[in-house]
Amino acid sequence: KIQYNMPDIPITVKYSTVITAILLPYLFLMSVASFIIMKALDISPLSLMRSGGQKNDVNMIEKKLKMNFLTFENRFKIREMIRNIPRTFLFITGVTFAAALILLGFLYNDSINNLIHSIKNTNKYEYVYFFKETPEETIVSSEVFSVRTFESADSEGHKGFSVYGIEPDSQLIELKGEDGKRLDYRNVIASKPFMKTFGLSPGESIRIRDKLTLNEFTVVINDITNVNVGEHIYMPLKMLNILSGKDNDDYTGIYASSVLDIDTDNLINMSDNSELSEGYEAMLKPLKDLLFILTVFSFIIGIIILYVVISMLIEENRSKISLLKIMGYYKDEIFSLVLNSNTFLVILGFLLSIPLTSFLATAFFKEITKGMGIYIPTYIRSRNIAICFLFTIFIYQFTKLINKRKVYEISMSESLKNKEE
């Protein structure tokens, strides 16, 4: 079995960080509250007595919109969105972050599954054998390769990386480019983690040092492959043998699709590709469990965010709701007018959450894989995007139902309390 030695990371608590985490929300709250209070103090007493200091002026956007051909219900909903731009912005922002939290859980899970899937697609072999020295006899039903450990001659202190020498017609290693097409194995190809670690692009060169012989070489990277695990360089087997001072026919291992009858005296190790995949899955399982918990909490936080935003919306429209009741509108009609006007904003917020989620996930993966030689590309299936969208709509509908009672409890006399004199 393949074993992975995980470091024992001690848990330490920095009291300065804890104090900052406690005080920071308080400081933000006090700053915003002070700004709102100072703004309210600038309003004249007469304005406060007439309309609570609220201005209902028609803004430029509403003036330019031609809505005479629309029904009263649609005109009312559109005006609710454009007459209070800060509230509309707050609602979109709340939905965006709530949807992003839900999307993150699915994206993390899909990205890790996609990473494991790419490993299986790259390694087409079932077994790999490593030899002490090149066997004298030809081993049928296999592909030969060599691997040596190098380090950067320009970056001191960096750990070594592997350079693989493979046959140009190899079929058991599938190296593809960004376009999904098979690369030319006669070129020098590097994995994504290698390119990101050394900040290289295709066509650039790097000076490498053989850790065994200490010989240095300059290698030009021709292509980048979608191998996302391990800092590797792939080059023709003969090229690696020339750089290492070996014979052209020298090799250190073979790939095979089935178990081979090989002399164990010359064998260093034999690995099963399925064990390798299981090892990666076991290594990433704690992270997947953590992401599942994150998904659950994201769902809860999403409900809280939308509940707070919708509650604020109802409080701001108490007078309008009361006036609509006086005009004879039924409760369900009022509920639809006031709260269903935000359905478009929910859809817009969800669409904005997709690029935000991709940005946050990319930054998260970059941080947690730093120094691990792993690159996790962000990926989420279309089906899961649809599920997240339905989740967001469900949360929105659920929070509306929770707040439905608040709309029904607003009395007709509410509009009289805030009536302009």
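Predicted model: local features only at pLDDT ≥ 70, side-chain atom pairs only at ≥ 80, totals over all residues.
Student: Okay! How many helices and strands are there?
Tutor: The protein has 13 helices and ten strands. Both are DSSP runs, numbered from the N terminus: helices are H or I with at least four residues, strands are E with at least two.

Student: And how much of the protein is buried?
Tutor: Of its 421 residues, 39% count as buried. Buried means under 20% relative accessible area, exposed means over 50%, and partly exposed lies in between (1.4 Å probe, protein chains only).

Student: Let's talk helices. How do α5 and α12 pack?
Tutor: Helix α5 (residues 85–122) and helix α12 (residues 382–409) pack at about 140°, with their axes 10 Å apart. Axes are lines fitted to C-alpha atoms, for helices over the stretch in contact, and angles run from 0 to 180 degrees between N-to-C directions.

Student: What do we call that arrangement?
Tutor: α5 and α12 are oblique to each other. Angles under 35 degrees count as roughly parallel, over 145 as roughly antiparallel, 65 to 115 as roughly perpendicular, and the rest as oblique.

Student: Which residues meet there?
Tutor: On the α5 side they include F91, V95 and F106, and on the α12 side they include I385, F391 and Y396. Contact means heavy atoms within 4.5 Å. By class, this contact has twelve nonpolar, two polar and one charged residues. Here Ala, Val, Leu, Ile, Met, Phe, Trp, Tyr, Cys and Pro count as nonpolar, Asp, Glu, Lys and Arg as charged, and the others, Gly among them, as polar.

Student: What about α5 with α11?
Tutor: The axes of α5 and helix α11 (residues 343–368) come within 6 Å and cross at roughly 50°. That pair is oblique too. Its contact residues divide into 21 nonpolar, six polar and no charged.

Student: New topic: where is N269?
Tutor: N269 sits in strand β10 (residues 267–272).

Student: What does N269 touch?
Tutor: Leaving out residues up to four places away in sequence, N269 touches V128, Y129 and F130. N269 and Y129 are 140 residues apart in sequence, with their C-alpha atoms 6.0 Å apart in space.

Technical notes
Residues numbered from 1 in each chain as written. Heavy atoms only, no water.
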